[in-house]
Protein chains: 2
Amino acid sequence: MAKKSQEGLTVKKENFGEWYTQVLEKAEIVDIRNKVKGFMVVRPWGAMIIENMYKLYEKEIQSKGHKPTFMPTVIPEKNLTKESSHIKGFTPEVFWLEKIKGEGKLALRPTSETLYTPMFKLWIRSHRDLPMKLYQRGSVFRLDTKATRPLIRTREILWVECHDAFATKKQAEAQVQEDIDTTEKIMHQNLGIPFFAMKRPSWDKFAGAEYTVGSDVLMPDNKLIQQPSTHMMGQKFSRAFEAKFKTESGSEEYLYTTAYGPAMSRILVSIISQHGDNKGLILPFCISPIQVIIIPIYSTKNKNKILKESEKIKSALETLKIKTEIDASEKRPGEKYNEYELKGVPFRLEIGEQELKNKSLTLFTRDSGKKEKINITQLSKLTKLGQDYDKRLLKKADNFTKGKITNCKTKQELKKTINSGKIARVNFCSTDVQGEKCAEIIEKQINAEVRGTLASKNEKATGKCIICNKKADVVVYVGKSY
Amino acid sequence: MAKKSQEGLTVKKENFGEWYTQVLEKAEIVDIRNKVKGFMVVRPWGAMIIENMYKLYEKEIQSKGHKPTFMPTVIPEKNLTKESSHIKGFTPEVFWLEKIKGEGKLALRPTSETLYTPMFKLWIRSHRDLPMKLYQRGSVFRLDTKATRPLIRTREILWVECHDAFATKKQAEAQVQEDIDTTEKIMHQNLGIPFFAMKRPSWDKFAGAEYTVGSDVLMPDNKLIQQPSTHMMGQKFSRAFEAKFKTESGSEEYLYTTAYGPAMSRILVSIISQHGDNKGLILPFCISPIQVIIIPIYSTKNKNKILKESEKIKSALETLKIKTEIDASEKRPGEKYNEYELKGVPFRLEIGEQELKNKSLTLFTRDSGKKEKINITQLSKLTKLGQDYDKRLLKKADNFTKGKITNCKTKQELKKTINSGKIARVNFCSTDVQGEKCAEIIEKQINAEVRGTLASKNEKATGKCIICNKKADVVVYVGKSY
């Protein structure tokens, strides 16, 4: 295994599908050889990245008032079926447990509205208990019957799910916006993944929600992948579970609830795809398990001296809270270079006899491929260099996404735009149920999807629907998707 | 709910069963009202404690070379049944999923040897890849058919499981000792829970292990509860999965593996039970989600001034990395005092007009109940006070356990010792299979269990077995257990 991973990639990123599979294997992110469809083994390098993503996300949602909980991994059938559109939407996707004698039927949770809402009913008495903002980190399970693909389409998903309860619809809507802001801050600003916040058409919303805002991220193959989505449940679940509270005026009212579900395992797909290159992964500095790898270059004669100096540099960097490792193994330096480039480590410091003498190390930067000298007394520069590094990744990703949207007035233009790997912006009759037929036509004839309307901007439609020619109600975005 | 929790306990700790149930509810640790047998809802206060325990444990095992992974929550039947004594031991306790068309049968993982060992086979080629030390945090599932009890006996367990592979038996044995040392450091030294490391009798070892060392902790009702255990698998699993490696001499050899499983949800039982008192929880300073609670005491006239000062104190404490909250809610100070005492918060700072004038706050310490003055300029003392606090908890728990072991020479003495709530130290024929009958006699006639021999001390038996009168091979410890 170790050997294999050092071989480097044998395929270019243009050949995205193959590249993605090779990167997962050779950078030791996941192992797909455990042979259970849709379930992955996440290897240490992948797990450490995901752990860092969890930390980033949990810190942010906690700072916005969410408190952790642990909910059971199983849901009684009785709960799951209580909100009728919820169960209709999830039924074919549920893993059921074999019946246990004397007990009700249990499902593996596909999502946890039907665990949180009955608890809201017990925990919330009056407006003074509101808002209540809870979350958990953990797995959810969906019996996806389509072809699975590691991290992209899986049956077990590693995620964070926030479930919030409010006294008014307005507050719940503000939460949906806060969730979008969280995606913007963490996924875009920190991890460098730009997205379009799309209010989904009614036929594509979360089962049981009033509406859903999904974040669409462009992949290198120009298809869109859905990243964190936030759902306005309104009073749908609270009505199903009779979850009420006493208002200030003393009357009883159903709760308004929302849910937000950033999936770490899926966001990792975008991190890998967006930033990676022909040499392998390029990890954002802020989540890389190793931010600086020190490669000591020594002979038997000066080994001790070089290693001792490496330890000193490591300590200095750790004082700056920079995650640093030394690879003192017996492999050749070149092998080590390849390995950490493949794994996406942002910075490499080379230290040999020459460097020691000049008190000047060789610094290699993963994204730019630049090699430069850095004085031993100036290691504190690496904090700033790390920030700059992440800004570069962000800018590059923004540039990739920029200009990918084309206004289309006719079906021909739409087809051309989609086939050229872009996203089309079109006038469309409706994102309510009456528009579904036109969306089906786009799907059948152009092999693309109506992703929704912009969530953060109220775009007014002026002309006619690009498909049915009826008065256009909305401006929608159309693209190929995962 | 909020109201209820402020009521305080209505039962004394002597009445342990009832006390335990009340503490769980009123300190808002878990909620048992979700009505799925053996599955709990862990509420924010409980979840934050468990999160802190995870941090403590994961940091320690990582520092000892363990790397994180995420394994699937499900195990194929084929894997689970590969090691015959493993599956025999777990069969009745497994949750199975309903069969999915076209795929093999799947179980919820009861433990993950049969997920890690096939990966060791793929990831380890030669002695150069060893040792390999991996872990995951997550849930495991056991269909326990006995009466379940929140946190104590549950069907979903929140734990950390370490799975390690070695080239030699000696290294694997050293790992078992390292695991015991980890329990000593975290559970005893940090969390203040003393334990007896017991090498289990062969009839009580982990299904598939060569031997098991469990840590037995004394509960207030004088029964023993098993806390983290570590298992020497030897080559049992590696043989079942054909997991070999190339030795330095070039030959092929089966791996030696070990497993260690500290369950956060279960260790919390001992934290609650060991340290709590008639007023509620007493949390170790090192894991309390709030280490210092500031209670501002204000009238409408001086509210702003007092709150502003409270914020300053909070900032000062946070600079010292002390987790601090202000309760500025409308409740009466007395209500707040009760709430945080119930929840086990180590320190309370009261700040009112008088305190402000004298620049001297009132400091309440949860375990001692002591109230004293602390000058605003001396807040940094709290770091040391926190350490002292944890040392006191440790010492008190050690004292409780000390002197609980009594040497017994006859069955009558054994009976008397057990009935007086102590642990008996007795000569015993054997902890191999031939001793099981004598253990059964003890269980039937005295309602107590042979827990094993001391793991860290080779105690020589001299006389005869307390039951069968044959030559005693071992010195064992007998006690009542959960």
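Student: So a crossing is left-handed if the near helix is turned anticlockwise from the far one by less than a right angle, and right-handed if clockwise. Which hand does the crossing of helix 3 and helix 7 of chain B have?

Tutor: The crossing of helix 3 of chain B and helix 7 of chain B is right-handed. Helices (H or I, at least four residues) and strands (E, at least two) are DSSP runs, numbered from the N terminus. Keep in mind that this is a predicted model, where local features need pLDDT of at least 70, side-chain atom pairs count only at pLDDT 80 or more, and totals for chains, interfaces and linings use all residues. Residues are numbered from 1 along each chain as its sequence is written, chains are lettered from A and ligands numbered from 1 in the order in which they are written, and side-chain values use heavy atoms, leaving out hydrogens and water.

Student: Thanks! At what angle do helix 3 and helix 7 of chain B pack?

Tutor: Helix 3 (residues 44-63) and helix 7 (residues 169-190) of chain B pack at about 150 degrees, with their axes 10 Å apart. Axes are lines fitted to C-alpha atoms, for helices over the stretch in contact, and angles run from 0 to 180 degrees between N-to-C directions. Helix 3 and helix 7 of chain B are therefore roughly antiparallel (under 35 degrees is roughly parallel, over 145 roughly antiparallel, 65 to 115 roughly perpendicular, the rest oblique).

Student: Which residues in helix 3 and helix 7 of chain B meet?

Tutor: From helix 3 of chain B, Leu56(B), Tyr57(B), Glu60(B) and Ile61(B) meet Thr182(B), Thr183(B), Lys185(B), Ile186(B), Met187(B) and Asn190(B) of helix 7 of chain B, where contact means heavy atoms within 4.5 Å. By class, that contact of helix 3 with helix 7 of chain B has 5 nonpolar, 3 polar and 2 charged residues (Ala, Val, Leu, Ile, Met, Phe, Trp, Tyr, Cys and Pro are nonpolar; Asp, Glu, Lys and Arg charged; the others, Gly among them, polar).

Student: And how far apart are the axes of helix 3 and helix 7 in chain A?

Tutor: In chain A, the axes of helix 3 and helix 7 are 10 Å apart, at an angle of about 150 degrees. Helix 3 of chain A passes helix 7 of chain A in a right-handed crossing.

Student: Where do Phe90(A) and Phe206(A) lie?

Tutor: Phe90(A) is in helix 5 (residues 84-90) of chain A and Phe206(A) in the loop between strand 8 (196-199) and strand 9 (211-218) of chain A, so the pair ties together parts 116 residues apart in sequence. Both Phe90(A) and Phe206(A) are buried (buried means under 20% relative accessible area, exposed over 50%, partly exposed in between; 1.4 Å probe, protein chains only).

Student: Is Ser310(B) buried or exposed?

Tutor: Ser310(B) is buried, with a relative accessible area of 0%. Ser310(B) sits in helix 10 (residues 303-319) of chain B. Not counting residues up to four places away in sequence, Ser310(B) touches Ile294(B), Pro296(B), Ile326(B) and Ile351(B).

Student: What does Leu122(A) count as?

Tutor: Leu122(A) counts as partly exposed, at 23% relative accessibility. Leu122(A) is in helix 6 (residues 113-123) of chain A.
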